[in-house]
Every structure is written in C-alpha cells, then in structure tokens.
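Subject: Structure for your review

Dear colleague,

Please find below the structure that I am handing over to you. My findings follow after it, and I would ask you to read them with the model open.

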Amino acid sequence: MTSQFPDRQWGSRANPLSRAANRFAATKPGSWLIRTITPLDRALLERTDGKYTVLGPIGAPVILLTTTGRKSGVARTQPLLYVHDGDTLYVVGSNFGQAHHPAWTANLLANPSATVAIAGERIPVTATPVSDADKDAIFARFVDITGAYAAYRDRTTRDLRMFALRRA
C-alpha cells in the first residue's frame, strides 16, 4: 500500500487577490515576475521544507523538487506548482511557455529518483512520465489551479512534459 502525500493548502485560490494574481501570471510580464522571484521562493521553501511559499497567500500549491543534474550530477532544486492526487503528485514542465523544456524535466528523464519538500517534510520520490492518454485530464487540473497554464501551453509548440511523482 502506498502512503498519501501531505496536503497543506495555505491561502485560498477563491479570494480576489488570488484571482487577480492568476490573471496576471498568464501574461508575459507576470511570467517574467514569477521567474524573477523564483530564487526568493526557493529559499523560503528550502528553509521551511515546503511549508511556506511566496505564492502561499494566493493558495498556490507549491513543492520543492530536487533532481540530480543529468550532466553535472549536482542536486538541482526547483519550486513547482503541483496537482495533489493522494499518493501521487503531478508536475508539468510548462517553463512559462518558453520554447525549451525546463532542465528539471530532462534530469527526471535521465534519473527518475528525486526528492520533494511538501508541508514540512522531505520525501524521496520516483518520477514517471504521464502517458499521452492521461495528459489532457491532468493538465485540465493544472488549469483549474491557475488559468496561466493554458496561456503557457498556447505560447509554445512543444509538448509539455508531465510527471507523476510517487514515494520511492
């Protein structure tokens, strides 16, 4: 039997601030701002083992994903929004709609062992690519979290890599 991941939601996606932030995140300036504050968010998430995020007050579900660099062998850590599904967490390599895949997705393809920090816990996980048959339904759940994901998908012609993370 697999163990459920903690589910800790800080803030609310239904409040006016959240709705405005989600609309802004879908714009190119909004994507730039989020990319710019990512190092600050990473530091806060690392310090709290995924309990707190800069995006928390707007109800954004964020984990800290640590992969092993496929070329360097060095641990690489990235804050990511996720979809919680009990014993599975889903992440998507949207890269804000940029033309190239984010490096963490290539790292997971090369070595599926990783760690997530969520709700104050660090948990070893194994990543598996989501099948094409399941991608649309799972992606719709990301769009429910923030409509910015639909904008990210529309900005690029590449297939967005998506992974299921399960406890190792």
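Lys 135 counts as buried because its relative accessibility is 11%, and the cut-off for buried is under 20%. Please bear in mind that this is a predicted model. Lys 135 lies in helix 4. Which side chain does Lys 135 meet in a polar contact of 2.9 Å? The partner is the side chain of Asp 159. The side chain of Lys 135 also reaches the backbone oxygen of Leu 160, at 3.3 Å. Leaving out residues up to four places away in sequence, Lys 135 touches Val 130, Asp 159, Leu 160, Arg 161 and Met 162.

I turn next to the nonpolar residues. In soluble globular proteins, nonpolar side chains tend to be buried together. In this model the largest nonpolar core has 23 residues, and those touching the most other members are Tyr 90, Val 92, Phe 142, Tyr 149 and Tyr 152. Two or more residues come from each of helix 2 (28-48), strand 1 (62-68), strand 4 (88-92), helix 4 (132-145), helix 5 (148-155) and strand 7 (162-167). Helix 4 contributes the most, namely four residues. Domain 1 (9-59) and domain 2 (60-167) each supply at least three residues to this core.

Apart from neighbours within four places in sequence, Val 92 is in contact with Trp 104, Phe 139, Phe 142, Tyr 149, Leu 160, Arg 161 and Met 162. There is also a second, separate core of 18 residues, among them Leu 80, Val 91, Ala 114 and Ala 119.

In what order do its seven strands lie? The order is 2-1-5-6-7-4-3, in an open sheet with antiparallel pairing. Strand 2 (75-81) and strand 3 (83-85) are the edge strands, each pairing on one side only. On average, neighbouring strands are turned by 30 degrees against each other, direction ignored. Strand 4 and strand 7 run antiparallel and are joined by four bridges; Leu 89 has Leu 165 of strand 7 as its bridge partner. Helix 3 (residues 103-110) packs on the sheet and touches strand 1, strand 2, strand 4, strand 5 (113-118), strand 6 (121-129) and strand 7. The direction of helix 3 makes about 55 degrees with that of strand 1.

Yours sincerely,
A colleague

Terms used: Residues numbered from 1 in each chain as written. Predicted model: local features only at pLDDT ≥ 70, side-chain atom pairs only at ≥ 80, totals over all residues. Heavy atoms only, no water. Core = buried A, V, L, I, M, F, W, Y, C linked by side-chain atoms within 4.5 Å. Buried < 20%, exposed > 50% of the residue type's maximum accessible area, 1.4 Å probe, protein only. Domains from an automatic or database assignment. Contact = heavy atoms within 4.5 Å. Polar contact = N/O pair within 3.5 Å; in protein donor to acceptor, adjacent residues only side chain to side chain. Pairing = 2+ DSSP bridges. Axes fitted to C-alpha atoms, helices over the stretch in contact; angles between N-to-C directions.
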